[in-house]
Structure formats: structure tokens, C-alpha cells
Amino acid sequence: MRFLVLLFPAQGHINPAFNLSKRLIGFGADVTISTTLNMHRRITNKPTLPSLSFLPFSDGYDDGFTATQHADFILFVSQLKRLGSEFVTNLILSQAEEGRPFTCLLYTPLFNWAAEVARGFHLPTALLWPQPATVLDIFYHYFHGYSDYITDKIKESSSSCSIELPGLPSLLPRDLPSFLLASDPTFDPLWVSLFEGMLNDLDGETNPTILVNTFEELEPQALRTVDKFNMIPIGPLIPSAFLDGKDPSDTSFGGNIFHLSNGYLEWLDSKEEMSVVYVSFGSFAVLPKKQMEEIARALLDCGRPFLWVIREKERSRIKVKEEEEEELSCIEELKEKGKIVTWCSQVEVLSHPSLGCFVTHCGWNSTIESMVSGVPVVAFPQWTDQKTNAKLIEDVWKIGVRVDIQVNGEGIVESGEISKCLEVVMGSGEKGEELRENAKKWRSLAKEAVKGGSSEKNLRAFLDDVDQEHIHVAVK
């Protein structure tokens, strides 16, 4: 079997797609991964496997895309679809002419144009959904009759209204993906239209296959809420060394778009078991300087060693005015009490015995990596699916506490609130013990799912179905 994997150029899509590709190869498949040329060049440590190849395509922005106005992003999306569709069309044709046709096309969200091209060649397709099934359900309901209901409920009362959607836990406005909230600073009609287009395309298919980076035991109801979708949980999509142990050498996703810092693992080695607070807000979010200052003060006040990821992009944007200092006001004290790095191997950090807590933006990769590592979290969501993930973390899976419920007039979470959450998670109280026990429980279930359990069986069944469909199309 030969798979073509088309992935949107973002870290949150790269990691699960790379790890799924490695699993497919483990089952005997050949995989070709394709993303934009600019993103392909940025990835620093691509996996090298005999059955894995990379074929990037130009989106017209090979030196990188920078938007100065809304129209720029609209043009980018248009170019991406036009040039990407041409590339996929030519690639499918050329491989078939060479006698090496693809068996299936996998694609991540916002690349639904690739699936449209593939269907024109009767090539089976599957969407790789890199967020929890719960988030996909929310999007589905929103674009299938619930948008007015959600909008009206939000207007009803600003923060305390309960939003009830089929098959999902009760939600508050702060629990919804930020793209759906017109009042949220990250709201953008273009993103709404892109997700609506993705859902419309899925509606045009009969029982579309969606591979979800989750596992059966984690979201049993959410995986079955939308009857029209064939949602298949195949996660967690984490390197083998940290999950099923089948390949101890597989210790990296192989998709880093930033260079790793040095010395952090040795620094962790010097710390006591479960003593370190790890802080990272992922590959995209850039926090306001005021928020960074509050986090810094909380870390110093908690009195525990900490490892804090502050990307170079964040460092360059910390200043608000030209005359303001770029560095945090307490930077020297921070360097003395903890360790600041620009990037790290998160799975290695989270699996280190010195880790006691993860202050996270609740991106889905980070969420599921912390779960696999059994590390409880302080949930600090910023936008998109992160707010829903934080809801699940605190109220459904009970592996962390949410810090963004109390904000000041500027929307900043103050140091005192952060300190309280850190003490709950790291402290010896009843709540902290409960969070740690739940984290251990989910770690065990996650590993079981991939090590001969539900997720491994689901992936094997998916491959069997693809093979049968391919044979059926070939015979026709």
C-alpha cells in the first residue's frame, strides 16, 4: 500500500501526521509526505526511513508568508488551494503512469481541496483530525443548525450560560473553540468559513473516514455523536519509545520547526523527582509582555525549579514600545532559579521523572503528550481548540486545573491566580493527589490502547478496509 499524506503547514498538524506515517510504515506501507516548500525547509529533523519520502510543493510563498492585512491571508489561502490542487493532480497521475499508484490519500484540516482532487481519481481518502473528537463535534453542530442557538445562549448571559449540544458535556462560552465566538479577539470570519467549507465537503461524502488522534476510552461518546462520520480513534500519535515501547529508538516526532536548545535534559537530571514546573505555550502563541511578567512572578513565588520555553519569536515581541526593555524585568532572577530555553523535545521533557507539573496552552499535541506521560497540568488556553481541551482536562478527565477563569480588566491572569493553581497541582493536598492519580490512570489507558488495544486494532482494520477498497476500484 502507498499513502500520500498532505498536511497543513503547522506544528500541530506535522507531529501527528509524521507519527501516523511511521506507524503505517510499521505495518508495511510506503508513505509520501507533502507540505509547503517553506515548511518543508523549516523542519529540522525529518525522520529517515526506507519507505518514507518527502515531496514538498510551492504555495507561492517559498520564502515564508507574512500578512500585513486581512486580504493577504485570503490571497494566501487561495494560492495554497490553486497550486496545491495542481500539484496533487500531477503527482497522482505521474505515480499511476509509473505503475506505482497511491492506495489512499490522508490529509489534515484545511486541505480538504486535496480530498476533492483525489476523489476525482476514485482514490480513497481519510481526514486526519489532529484535535479531540469533541472539538469536531462542536464544529459539526455549529454548522448544522446550532449556530443561532449558541449565539443566543452567549448573549443570554456573558459567561454563566450553559450550552447543551448532543452527545457532549455542558459547555460554557469559555469552553468553545475561539473561532466560533464573535466576541473573542481571535475571531476571524475567514477561519469560520474555512471550517464550514471543510464540514460541507465532508457532508458531500458518504460516511467519510476520519482518523482521530484520540483513543476509545478517552472520548467514547464524542466518537459516536455524529452518525454521518466514521470516526476512528487511532491515538495517541506519540513516538513509540514513550508509548508502546516497540521501537526504543523512536524518541522524536521528527518534525521540529525550531532548533533545540542545549543542556535542559542534564539540568532536569539534577532535579528531584516530580519537583519541576514545565512551562510552554507551543509553537504559535505569543503572549503579551504583561502576561509573561505575571507568569514569571508566579514561578519565582512558587519556589520550585522550573523549565520555561520562551521562543525567539516571543523574545522579539515582548516589548510593547520601542523604548521598553525587551527582557522580562526579573530575567536574571529567573535564570538563577530555573532554566529558560527557546525550544525543547517536549516528549522527552514530560517523560522525565523530575517533572511535576505542566503549565500548558492546551494545544492537543501538548495535552495528549502530558497524558501519556502522566503529568498533571495547569491549563492556560489561548485560542482555537485549546479552550475546549482545557474544559475536558479540568472537568471530564480531571487531570488539571484551569487558570484562565479569573482575569483582570486587561484580560491578564495575574501571578496570584497562577501561583494558587501551581500549588494545587504541585502541593501535597487532596486535590493534587487526585490529579496525579487520574494522570496515572489515563497514562495507563493510553498506552494500552496503542499496545495491542483499541487504537492498534482500529488502525489495522482501517488498513484492511483501504486495501479492499483499492482492490475494488482497481477491478472496476
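Biologist: How many aromatic pairs does a search of the whole structure find?

Modeller: The search finds 27 aromatic pairs. Bear in mind that this is a predicted model.

Biologist: Why is the pair of Phe8 and Phe111 called edge-to-face?

Modeller: The ring planes of Phe8 and Phe111 stand at 75°, and an angle over 60 degrees counts as edge-to-face. Their centres are 5.8 Å apart, which is within the 6.5 Å required of a pair.

Biologist: What makes this a link between distant parts of the chain?

Modeller: Phe8 and Phe111 are 103 residues apart. Phe8 lies in the loop between strand E1 (2-6) and helix H1 (11-26), and Phe111 in the loop between strand E4 (104-107) and helix H4 (112-120).

Biologist: How do you know whether Phe8 is buried or exposed?

Modeller: Phe8 has a relative accessible area of 12%; the limit for buried is under 20%, so Phe8 is buried. Phe111, at 0%, also counts as buried.

Biologist: Why is the pair of Phe65 and Phe76 called stacked?

Modeller: Their planes are at 20°, and under 30 degrees counts as stacked. The centres of the Phe65 and Phe76 rings are 4.4 Å apart. Phe65 sits in the loop between strand E3 (52-54) and helix H3 (70-97), and Phe76 in helix H3, eleven residues apart.

Biologist: What makes Phe65 count as partly exposed?

Modeller: Its relative accessibility is 25%, between the 20% and 50% limits, so Phe65 is partly exposed. Phe76, with 7%, is buried.

Biologist: Which residues form one aromatic cluster?

Modeller: Phe65 and Phe76 are among them, together with others including Tyr61, Trp129 and Trp383.

Methods:
Residues numbered from 1 in each chain as written. Predicted model: local features only at pLDDT ≥ 70, side-chain atom pairs only at ≥ 80, totals over all residues. Heavy atoms only, no water. Phe/Tyr/Trp six-rings, centres within 6.5 Å; stacked < 30°, edge-to-face > 60°. Helix = DSSP H or I, 4+ residues; strand = E, 2+ residues; numbered from the N terminus. Buried < 20%, exposed > 50% of the residue type's maximum accessible area, 1.4 Å probe, protein only.
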